[in-house]
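Thank you all for coming. I would like to take a few minutes on the side chains of one model, and then on its backbone.

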Amino acid sequence: MLVAFLKGALVAALSTLGGLVAAEIALRILAPDILRPPAEKGFFEYKTDGRALGLVPNYAGNQTRKEFSTVLRTNDIGLRDHRSLAEIVRAPGLRIMCMGDSFTFGWGVDWEQTWCQRLGQYLRNERQIDTTTVSTGYDNGLSPVQYAFSLDNYLSRLKPDLVIASLFMENDVKEAGYIEADGTKGQRLRELSLGDG
């Protein structure tokens with residue numbers, strides 16, 4: 001009787017385990033987004049040229065970490081902005097495009113609190129300069145090399161009057177090859193210095 005019970009329990013346990021494995025495989029194949037954390041679902045995409053990472057257009061969700069939770073929305077061209085491309089381009093006044101990495105993107109803060117949007121608020125409110133600011137920053141550690149790949153696309157679409165590129169000296173300049181790991185000038189920085197006279 002005990003042997004029969006143990007056999008039944010073993011069969012039940014193995015059947016349950018097999019069912020769970022089959023369900024996991026089915027989810028990974030049929031609905032992989034279900035297994036991602038909510039803050040990461042549909043958030044990034046690689047461009048077709050494979051060189052740049054972008055944000056998915058028309059995304060709405062939350063960016064949640066242990067330290068913060070922010071609302072994340074992208075517009076019709078995948079920029080972290082509440083305004084459509086048409087609204088940005090039609091906006092009167094000075095158009096400023098801010099390029100950068102997670103700092104420009106606004107890692108951990110709501111859109112209105114990003115430095116790019118705060119710059120626009122300051123220029124409008126304190127300096128009475130009619131200004132529209134738009135950020136092309138990403139929160140996945142892009143470097144100036146990747147900025148260059150998307151610059152022409154953004155210039156032609158956003159038609160900015162001014163472009164501000166934000167660099168994080170710790171990794172952006174090193175990753176672009178301008179400074180060697182030991183802190184000395186890299187070959188690109190030497191070439192840039194010579195080329196600029």
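What you see is a predicted model, in which local features need pLDDT of at least 70 and side-chain atom pairs count only at pLDDT 80 or more, while totals for chains, interfaces and linings use all residues. Residues are numbered from 1 along each chain as its sequence is written, and side-chain values use heavy atoms, with hydrogens and water left out.

Let me start with the rings: the structure holds 1 aromatic pair. Phe68 and Trp107 form that pair, edge-to-face, at 5.2 Å centre to centre and with 85° between the planes; rings of Phe, Tyr and Trp (for Trp, the six-membered ring) pair if their centres lie within 6.5 Å, and planes under 30 degrees apart count as stacked, over 60 as edge-to-face and the rest as tilted. Phe68 counts as buried because its relative accessibility is 15%, whereas Trp107, at 38%, counts as partly exposed, where buried means under 20% relative accessible area, exposed over 50%, and partly exposed in between (1.4 Å probe, protein chains only).

A further ring contact involves Arg80, whose charged end sits over the ring of Phe105, 4.9 Å from its centre; this requires NZ of Lys or CZ of Arg within 6 Å of the ring centre and within 35 degrees of the ring normal.

Turning to the backbone, Asn58 has a positive phi of about 55° although it is not a glycine, and Asn58 counts as exposed because its relative accessibility is 58%. Lys159, also not a glycine, has a positive phi near 50°, and Lys159 is partly exposed, with a relative accessible area of 45%.
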